[in-house]
Amino acid sequence: MSSITEISALRSPVYRSLGEKSSDLDRAIDGATSALLARQDASGFWCAELQGDSILESEYILTRFILDQENDPRLPLIANYLRSLQQPDGGWNMYPGGQADLSGTVKAYFALKLMGDDANSPNMRKARDVILRLGGAEKCNTFSRFFFAGLGQISYDACPSIPPEVVLLPKWFYFNLYHVSAWTRTMILPLGIVTTFRYTRRKPLRPDQRIDELYTDLAAANRLSADPLEGLPKDWRDVFCRVDQFLKRYEECPIERLREKSLKAAEKWLLDHLEGTEGLGAIFPPMVYMLIVYRCLKYPDDHERVKLAHKQLEDFFIQDKDKIRIQPCLSPIWDTGIALHALAETGMSSDHDSAKRATNWLLEKECTFVSDWGLNVPNAKPGGWFFEFANPHYPDTDDTAMVAMALKRAGGEAASAAVSRGLEFLLSMQNPDGGWAAFDKTQDRPLLEKIPFADHNAMQDPSCPDITGRVLECLGHCGLTADHPAVIRAIRFIKKEQEDDGSWWGRWGVNYVYGTWQVLTGLHAVKEKMDQDYVRLATAWLRSVQKPDGSFGETCDSYEDPALKNTGESTPSQTAWGAMGLMAGVGANDADVSRAIDWLIKNQKADGSWDEKFYTGTGFPRVFYLMYHLYRLYFPLTALARFRRGMV
């Protein structure tokens, strides 16, 4: 315990005179620190489980059936886990406590039916009732339809057309690959190849494996638009559906030389963006689609690229006895950056063994070349960090900000050059509106959200308050203050984005508690005057949603209905965010801050960690949510340690 004692030397003025209570705080910090250090890999990184919802297991099973590879002995174990996620009402939801999700429930039902579940069994009947009550399978989102078409359940006419010629569109064109989000780029290009070939399973499904019973209107199920397109377009979505009709006619008789050129260019783009990665985009959806792309392009199943693609997906598997669950990706750089930052908050110095190992590992992961993100950045230079183990084409501002400020605080001189490059990367990625997005320097193009395949709610990657707040926090640690031009523009954006009640929306964490904490912490770090009316309004909102016991908790349902932003079960991560937001706004010498800290201390487990059963991470709002299994540890530790040092 000597190392823990060394990094627990600081004492908050709040607790100096509180005697035994101060000892409780120290014990909580020591316990959490020990728990975090015990989870560090020998090579220096942290990487906890990243948990999504049932679509991961469902889509994997559906993909293997599309490829006629249903004999994989692991599929029954994946199906076992999928069954365990079915809710009492018969549906599958996107997060614990959520309502049944139509697309997720249809895919789970289909996957289990393919795996041999009897359609007349009680659980399958309950699932079918939920699906029909929600409008039938024809109302599933467009990305689900690609799986159904690939298995011969509906026509590809029901899927958006994505001609591979999109890869050739110039950057000045309103719609091109570099005006959509990075994750959309990696999804639509593989799907463009799949829709071009209209690839379907070679061996048709048996009648008892089909899902015709889930459709209430088979005619509607086999067209893209819910209603027949008649008369003049009613809105922009209607316009794009008519464009889709034109593209489908073009698909029947494409310009052969142009089609050949575009397919080769698309294949080259995909292979180029696979170099040095753990899969296309290093995330589940495009990695799954790539398996079908290889089949379309006639790569044999024993080709090295195909075998590697399968292995990279299998690396997401977690087996627990007779069940396998699947992660959407891996989060080592994110986890390591936040863990090192938390330890720096406790007082850990750069010469501590844990800090040295984490620093060396993070320095090895710095991006060393400019990929497609640089097309939107004049004079782009290498730098920054990504999220996963290997995804160098896609550094992002959130990870870069987190890692850069962690290294600034605990990396020592060895990290100074990388921190400077990270800072330069962040400044170059600021959007014209003053905010920061995740992966690209971009501007909002609202019409793109009307394109038929935009219903994953993430067609674009616009500026958002939470990332802007984190970047400001990093800039503050690097010495920039509220009079810097970039900070001035960012604060202007933040003021514009503030809700009437004083809160800020959280794009990447649930939800208004996350966004408000990030913004207040960023403002404090750049030495913004925290007695201004807009800051006071934000801190007043945090007080208004704090629970009587001192905790904070906000449901994912608040993305559907902002009126629910003050409701939800208490969680350690959100309580830590609320406490740190208040500390940034009013300081550590505050009764409401103390109540939040007390809740964290009282709810800590004997092993130094906390229990957290609700999702507090956001992938795509209203579409996909996440549980980061280390949020319950390193965020409470950060809050406790920050409180101890008095938020100086």
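A crossing of two helices is called left-handed if the near helix is turned anticlockwise from the far one by less than a right angle. Keep that in mind as we look at this structure, which is a predicted model.

Helix H14, residues 332-346, packs against helix H16, residues 397-410, at an angle of about 35°, and their axes are 8 Å apart; the crossing of H14 and H16 is left-handed. On the H14 side, the residues that meet H16 include Ile 333, Trp 334, Ile 338 and Leu 340, while among those that H16 contributes are Met 402, Val 403, Met 405 and Leu 407. Sorted by class, this contact of H14 with H16 has eleven nonpolar, two polar and four charged residues.

Now to the core. Which residues touch the most other members of the largest nonpolar core? They are Leu 36 and Tyr 634, in a core of 197 residues, and helix H12, residues 284-296, supplies the largest share of this core, with ten residues.

If we leave aside neighbours within four places in sequence, Tyr 634 is in contact with Leu 36, Trp 334, Asp 335, Ile 338, Ala 339 and Ala 342. Of these, Trp 334 and Ile 338 are also among the H14 residues that meet H16.

Finally, there is an open sheet of three strands, in the order E1-E5-E4, with antiparallel pairing. Strands E1 (50-51) and E4 (617-620) are the edge strands, each pairing on one side only. E1 pairs with strand E5, residues 624-628, over two bridges, and Leu 50 has Tyr 628 in E5 as its bridge partner.

How values were computed. Residues numbered from 1 in each chain as written. Predicted model: local features only at pLDDT ≥ 70, side-chain atom pairs only at ≥ 80, totals over all residues. Heavy atoms only, no water. Axes fitted to C-alpha atoms, helices over the stretch in contact; angles between N-to-C directions. Helix = DSSP H or I, 4+ residues; strand = E, 2+ residues; numbered from the N terminus. Contact = heavy atoms within 4.5 Å. Nonpolar A, V, L, I, M, F, W, Y, C, P; charged D, E, K, R; others polar. Core = buried A, V, L, I, M, F, W, Y, C linked by side-chain atoms within 4.5 Å. Buried < 20%, exposed > 50% of the residue type's maximum accessible area, 1.4 Å probe, protein only. Pairing = 2+ DSSP bridges.
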